[in-house]
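Hello,

Here is the structure we talked about. Please open it alongside this note, which goes through the aromatic side chains.

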Amino acid sequence: MNKIIAISRQYGSAGRTIGVKLADKLGIKCYDSALLDKIAEKTGFDKKYIKESGEYTSSGSWMLSAIAGRDYNGHSIQDEIWNVQREVLIEIAEKESCVIVGRNADYVLDGKADILSVFIHASEEARIDRIVNDYKEVSDKEDPARKLRQMDKRRRAYCQLYTDIQWGDARFYDVCLDSSRFGIDKCVEILSGMYEVL
């Protein structure tokens, strides 16, 4: 089986950056935006829409998401994206070793690849600094701490809606790293060492 590092992360924790640098260090692909391209191609949906709907619920409640926007058969567009996303992840895992950021890859690929399941988190202060100064994703009128809570709540709800994993709970991951404590490069170094012994 191929070796996959599946990275889940708090919003603003640099999980995506760690994933990209890790893949580069290991000489393998990192699937994040490339994954969105594949899902968009298969569904015909806009990449921006998939980015928003393939990892977040529309609200912070998984129960509301479980009943909202469903047709008479109980299906939603978000379910369709989940199913295609799942197919794409499995195709990738069968083809190559890689790093996958987000998309509940650890859950989808369980038993289909040698998975190193990772959760990246960071202090609120570090995350706020990153989304305000690095990502530039907060307007002057927004409260950055509130945005962090909302984004994490929506990710948690999405994970709860489609998986048996409790998002962010250390019991469900092989390793949890605090990027604000170790720094991006040290996280990459730790994970690359773990990859070698998978």
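**Aromatic contacts**

The charged end of K3 lies over the ring of Y195, at 4.3 Å from the ring centre. Please keep in mind that this is a predicted model.

Now the ring pairs. Searching the whole structure turns up six aromatic pairs. One of them is F45 with Y49: the ring centres are 5.8 Å apart and the planes meet at 55 degrees, so this pair is tilted. The cut-off matters here, because only planes over 60 degrees apart count as edge-to-face. F45 is partly exposed, at 23% relative accessible area. Y49 is partly exposed too, at 36%.

Next, F119 and W167. This aromatic pair is edge-to-face, with 5.2 Å from centre to centre and 90 degrees between the planes. Where do the two residues lie? F119 is in strand β4 (residues 114–121), while W167 is in the loop between α8 (144–162) and β5 (175–178). The pair therefore ties together parts that are 48 residues apart in sequence.

Are these two buried or exposed? F119 is buried, with a relative accessible area of 3%. W167 also counts as buried, at 10% relative accessibility. Both calls follow because buried means under 20% relative accessible area.

Last, a group of three. W82, Y158 and Y162 make up one aromatic cluster.

Best wishes

Note on methods:
Residues are numbered from 1 along each chain as its sequence is written. This is a predicted model: local features need pLDDT of at least 70, side-chain atom pairs count only at pLDDT 80 or more; totals for chains, interfaces and linings use all residues. Side-chain values use heavy atoms; hydrogens and water are left out. Rings of Phe, Tyr and Trp (its six-membered ring) pair if their centres lie within 6.5 Å; planes under 30 degrees apart count as stacked, over 60 as edge-to-face and the rest as tilted. Buried means under 20% relative accessible area, exposed over 50%, partly exposed in between (1.4 Å probe, protein chains only). Helices (H or I, at least four residues) and strands (E, at least two) are DSSP runs, numbered from the N terminus. A charge sits over a ring if NZ of Lys or CZ of Arg is within 6 Å of the ring centre and within 35 degrees of the ring normal.
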